[in-house]
Structures are given as structure tokens and as C-alpha cells.
Number of protein chains: 2
Amino acid sequence: MRTYIIPGHRVTSGADFSLNDLSGSTGRLDVLLRSINAAFFLSNGFRQDAELYLVLLGQPDPPKALKFVGAEMRYLNPDERSTAALVRTALLRKCGGEWVNSTPGIYVARKDFAQVLSEAAGDRPLIYLRENGPDARGALAGIKDPAIVLGDQLDLTPEEESLVASKNAVKVSIGPRSLHTDHCITVINNELDRLGI
Amino acid sequence: MRTYIIPGHRVTSGADFSLNDLSGSTGRLDVLLRSINAAFFLSNGFRQDAELYLVLLGQPDPPKALKFVGAEMRYLNPDERSTAALVRTALLRKCGGEWVNSTPGIYVARKDFAQVLSEAAGDRPLIYLRENGPDARGALAGIKDPAIVLGDQLDLTPEEESLVASKNAVKVSIGPRSLHTDHCITVINNELDRLGI
């Protein structure tokens, strides 16, 4: 099991967005859509053992959290537009503090980053992807069922960093160049695949 | 310098497609759009030293080749839709066997896979990404200015494989799971970054 957690710092928490403008008017929902793709897709297959949590912190109704469960997922295609439609469907559901199922494998709730982090990571080892951390090649060896926190196109806030640090997160980096969030997930997935984690 | 070459076996060679349906009616142009993203984008930056060649072999007007030159590129955004608009603009240009510039860094010509392979790879080391090849970790060490051939969602045809083999391509693989084309590019980019290539 591998679980990814990403705060969408400015990403819309409402369903009133156009599928024709996913990067301009959504607070960069497009970054998270590509991260969904990276977290789950294999060539001719699907990562049943993956989970992804997104925390949408933009207007008009923050915080909203989305949970994607690989083992239950259906109707997910790799393109941004159809994935955005699934996200919009989820954001149309009324929800409170408990998860509400939207489409198969996709859940929505009113939860903030601290709540999602506690729930998603639990007592599992927490990995925090940072440019100045030790190399993931080596640092991830022997870690079982990791939960991995990444920023979206913005770094984690000091408050989010404190939360992550309070859970004894292990910082890791993935190479000499700073990459987009979805590319980071792809590289981490490859490393975990190689380690058989 | 790193150069990626991808044949789009069924991808439309014409501009008559809708930006609202990039995966259904285009012969999976979406796979190539994500590959463009993977080839060029860094966090807050751009891979100036990267090139990408796409060979569009679907109807209505094959073959058409597109060339993306990192050092000249402008107006490229990471989302699929805006990248598709740039591809459509290129496919609207009339062209023959010589490259015609469309938007900055993007060129179009009537070239088939053999022509593109000869031009793109030249005398440089040719890498062919295959599931049964030796591990890229190790196999890529010491290689300078590689040209890298990948399939789209379909494997290379026997004819394309023969062409690649005739150029003494080195087969490499990237891990135990078979990945989408764009994910393969991300992993290869990370490996080349680490090697300083």
C-alpha cells in the first residue's frame, strides 16, 4: 500500500468550474489531475494498492478533501478532462466531516490538511518529498506501506510543514532537478516498484 | 541534449479534432500531449536541452511529423488542452518534406518514422525503451546526447523495430512495472538528470 497526500493550496473547493479551463480558473486543479493520473495508471493496468488524498483549500467552500482508492476505482481515464469531470461530480455532493462516496473509488468530505494527514498516514511511515532531503534511492529502502506528502505547485506552508514534522516525517528528494508534483509521483512510484514496496 | 522520438500509430494527422475530446476521437493524441509535458517541464522551469519528435500515423493525412525544440519553445503550458491547441495550429500549416515553423519551437513536416529516426538520432547513441531490456540504471551511464525511442500506447511495429535495430539501438528498461509513455519519459529524464547527461 502506498498513499499520496497533496494539499491544493489554491485549488477550487467548488464544482462551478469549466472543463474547458482547468488551469486558469480553478487554482491549478490541473496539477492535481495529473497527479491522479501519475498515482494510479500503469500501462494496461491500474495501481490497486495506491491511495491518493487531495485537500482543496481554494474558494468557495474550503476545506474539501477528496480520497481516491485504487482498489475500488472505476471510470478513471488518464486524460485531464474526464478526470476533472469526476472531481466535479464529487464536489457536487453534499458532505460533512465523514467521507461520502461519489463515483466508485472516489470520496469527498469536509476535512482539512491536519485531519487528512492523521487519517491517511495513521501510524505508517510518513515521507515528505523535499528538494533538500536525502536521496529516495536508499532512503526508501525497507519502508513498508509509506504515506507520502508532496506540495502542489506551491510549497507546504509553515503550518503544514510543522504538522508533517510532528509526525516524524522522513524527508527525501528524488534528484538534482526540481520537478512537477505529478512527475515526482511517477519517480517515487518507480522507486517503490523497484523496492517491491 | 536529449531527444525523444515517439510514433503515434493511430494519432490524427489532421487538425479537425475537438479540444473537448482529446482521447476519444484523435487516435489517442492525449498520450502524446502528456509526453510533451513530460519531456519539457521542470518545476518553475523548462528543459532547454530537450527535443521531442512525434510521428502522426493516423488518418486523414499521414505521415505528419512534429518537432518540439526546447531551446526555442514558448507558449507551452503543462495542461493537455492548451498543448493540443498548439498541435492543432501546427497541423493546420501546409507542409512538405521540410520542416515548417508553426509557433516558437514547434515545427511540422511530412516525414515518416524512418526519416524522423534518421534525422533525430543522426550518429548519436540510440536508446530503445523496452520492457525486456537491461536496466536504465547502469545502461545509460556514460552515454552522451542520447536519442530515445518509445512506443505510444501501442508497441513499435516489426518494421519500426527493424529500423531501430538497424541503428544499433541499445534496449533499456526502467523497472518491474510497465508504464505509460509519459511516465517512462519522466523516469528516463530523472535518470539522465542524475547522470548529468
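**Cysteines, contact and charges**

Cys184(A) counts as buried, because its relative accessibility is 10%. Before going further: this is a predicted model, and everything I quote is computed from it.

Staying with that residue, how far is the sulfur of Cys184(A) from the closest cysteine sulfur? The distance is 17 Å, to Cys184(B), which is too far for a bond.

Next, a residue in the helix α6 of chain A, which spans residues 181-195: Thr186(A). With a relative accessibility of 4%, Thr186(A) counts as buried. What does Thr186(A) touch, leaving out residues up to four places away in sequence? The list is Ala38(A), His183(B), Thr186(B) and Val187(B). Thr186(A) and Phe40(A) are 146 residues apart in sequence, yet their C-alpha atoms are 9.5 Å apart in space.

That brings us to the contact between the chains. Chain A gives 31 residues to the contact, and chain B gives 31 residues. Together the two chains bury about 3100 Å², of which 47% is on carbon and sulfur atoms. On the chain B side, the residues that lose the most area to chain A are Arg137(B), Arg177(B) and Arg194(B), and together they make up 20% of what that side buries.

Between chain B and chain A there are 19 residue pairs in polar contact, counting pairs with both residues at pLDDT 80 or more. Which elements of chain B each supply at least two residues to the side that touches chain A? They are α1 (29-40), β2 (41-42), α2 (80-91) and α6 (181-195). The largest share, seven residues, comes from α6(B). By class, this side of chain B has eight nonpolar, ten polar and 13 charged residues.

Now the charged pairs. Side chains of opposite charge can pair when their charged atoms come close. Across the interface of chain B and chain A, the rule finds four salt bridges. One pair is Arg194(B) with Asp135(A), where the closest N and O atoms are 2.7 Å apart. Another salt bridge is formed by Glu191(A) and Arg137(B), with 2.5 Å between the closest N and O atoms. Glu191(A) lies in helix α6 of chain A and Arg137(B) in helix α4 (residues 136-139) of chain B, so this pair joins two chains. Buried or partly exposed: how do the two partners count? Glu191(A) counts as buried at 6% relative accessibility, whereas Arg137(B) is partly exposed, with a relative accessible area of 26%.

Over all chains, the structure holds 24 salt bridges. Within chain A, the side chains of Arg130(A) and Glu161(A) meet in a salt bridge at 3.7 Å, N to O. The partners are 31 residues apart and link distant parts of the chain: Arg130(A) is in the loop between β8 (126-129) and α4 (136-139), and Glu161(A) is in helix α5 (residues 158-166). Arg130(A) counts as partly exposed at 23% relative accessibility, and Glu161(A) is partly exposed with a relative accessible area of 27%.

In chain B, Lys64(B) forms a salt bridge with Asp61(B), the closest N and O atoms being 3.4 Å apart. Lys64(B) is buried, with a relative accessible area of 5%, while Asp61(B) counts as partly exposed at 30%. Finally, back in chain A, salt bridges that share partners join Arg28(A), Asp30(A), Arg34(A) and Glu80(A) into one network.

Conventions
Residues are numbered from 1 along each chain as its sequence is written. Chains are lettered from A and ligands numbered from 1 in the order in which they are written. This is a predicted model: local features need pLDDT of at least 70, side-chain atom pairs count only at pLDDT 80 or more; totals for chains, interfaces and linings use all residues. Side-chain values use heavy atoms; hydrogens and water are left out. Contact means heavy atoms within 4.5 Å. Buried area is the accessible area (1.4 Å probe) that two parts lose on being put together, summed over both. A polar contact is a pair of N or O atoms within 3.5 Å; within protein, one must be able to donate a hydrogen and the other to accept it, and residues adjacent in sequence count only if both atoms are side-chain atoms. Helices (H or I, at least four residues) and strands (E, at least two) are DSSP runs, numbered from the N terminus. Ala, Val, Leu, Ile, Met, Phe, Trp, Tyr, Cys and Pro count as nonpolar, Asp, Glu, Lys and Arg as charged, and the others, Gly among them, as polar. A disulfide is a pair of cysteine sulfur atoms within 2.5 Å. Buried means under 20% relative accessible area, exposed over 50%, partly exposed in between (1.4 Å probe, protein chains only).
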